[in-house]
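Subject: Structure for your review

Dear colleague,

I am passing on the structure we spoke about, and I would be glad if you could look it over before reading my notes.

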Amino acid sequence: GVIRVGPGFTKTQMVEKAIDAGADDVVGHGEEGFEIRTEPAALHHVAVELENAGVKVGEQKWTYIPQTQVHVEGENAKKLLKLN
């Protein structure tokens, strides 16, 4: 699951609050805030715990996050887009 959180905390503060809430990872997005990642079953629990810790929680959703990414460019990118 992914929980969007606006700015207002340092990355260290957000990591601490997220770990205490039961999250798996925190991804910083600069001025846009943070993305808190959780196991799908823990999404609601982590969001509630973050709110209880004084964090203003935004969008919450279940999503697939790939483990690896591959950069494709040039002719291979055109071929890949044709698969769609």
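Of the contacts in the protein with a separation of 6 or more, 59% are between residues 24 or more positions apart. Please keep in mind throughout that this is a predicted model, and that the values below were computed from it.

Overall layout

The protein has three helices and four strands, and along the sequence these follow the pattern β-α-β-β-α-β-α. Its radius of gyration is 16 Å, whereas the globule rule gives 12 Å for 84 residues, so the protein is more spread out than a compact globule. The C-alpha trace spans about 50 × 30 × 20 Å along the principal axes. Of the 84 residues, 24% count as buried, and the protein exposes about 6,300 Å², of which carbon and sulfur atoms supply 51%.

In soluble globular proteins, nonpolar side chains tend to be buried together. In this model the largest nonpolar core holds 15 residues, and those that touch the most other members are Ile3, Val5, Met14, Ile36, Val46 and Leu50. Two or more residues each come from strand 1 (2-5), helix 1 (11-21), strand 3 (34-37) and helix 2 (43-52), and it is helix 2 that gives the most, with four residues.

Val46 deserves a separate look: once its neighbours within four places in sequence are set aside, Val46 is in contact with Ile3, Ala21, Gly22, Ala23, Ile36 and Thr38. Not counting residues up to four places away in sequence, Thr38 in turn touches Gly1, Ile3, Ala23, Asp24, Leu43 and Val46.

Salt bridges

Side chains of opposite charge can pair when their charged atoms come close. The count of salt bridges in this model comes to three.

One of them joins the side chains of Arg4 and Glu35, with an N to O distance of 2.7 Å; Arg4 lies in strand 1 and Glu35 in strand 3, so this pair ties together parts that are 31 residues apart in sequence. Arg4 is partly exposed at 30% relative accessibility, whereas Glu35 is buried, with a relative accessible area of 8%.

Arg4 also forms a salt bridge with Glu59, where the closest N and O atoms are 3.9 Å apart, a value to read against the cut-off of 4 Å that is used for a salt bridge. This pair links distant parts of the chain, with Glu59 in strand 4 and Arg4 in strand 1, 55 residues apart. Glu59 counts as partly exposed, at 45% relative accessibility.

Glu35, for its part, forms a salt bridge with Arg37, the closest N and O atoms being 2.7 Å apart, and Arg37 is partly exposed at 24% relative accessibility. Through shared partners, these salt bridges join Arg4, Glu35, Arg37 and Glu59 into one network.

Which residues make the nonpolar surface patch of about 410 Å²? The patch is made by Val70, Val72, Leu80 and Leu83. Val70 sits in the loop between strand 4 (57-61) and helix 3 (75-82), and Val70 counts as exposed because its relative accessibility is 71%, over the 50% cut-off.

With kind regards

How values were computed
Residues numbered from 1 in each chain as written. Predicted model: local features only at pLDDT ≥ 70, side-chain atom pairs only at ≥ 80, totals over all residues. Heavy atoms only, no water. Core = buried A, V, L, I, M, F, W, Y, C linked by side-chain atoms within 4.5 Å. Buried < 20%, exposed > 50% of the residue type's maximum accessible area, 1.4 Å probe, protein only. Contact = heavy atoms within 4.5 Å. Patch = residues over 30% accessible without salt bridge, like charges linked within 9 Å, V, L, I, M, F, W, Y side chains within 5 Å. Areas by Shrake-Rupley, 256 points an atom, 1.4 Å probe, with all protein chains shown as cover. Rg over C-alpha atoms; globule rule 2.2 N^0.38 Å.
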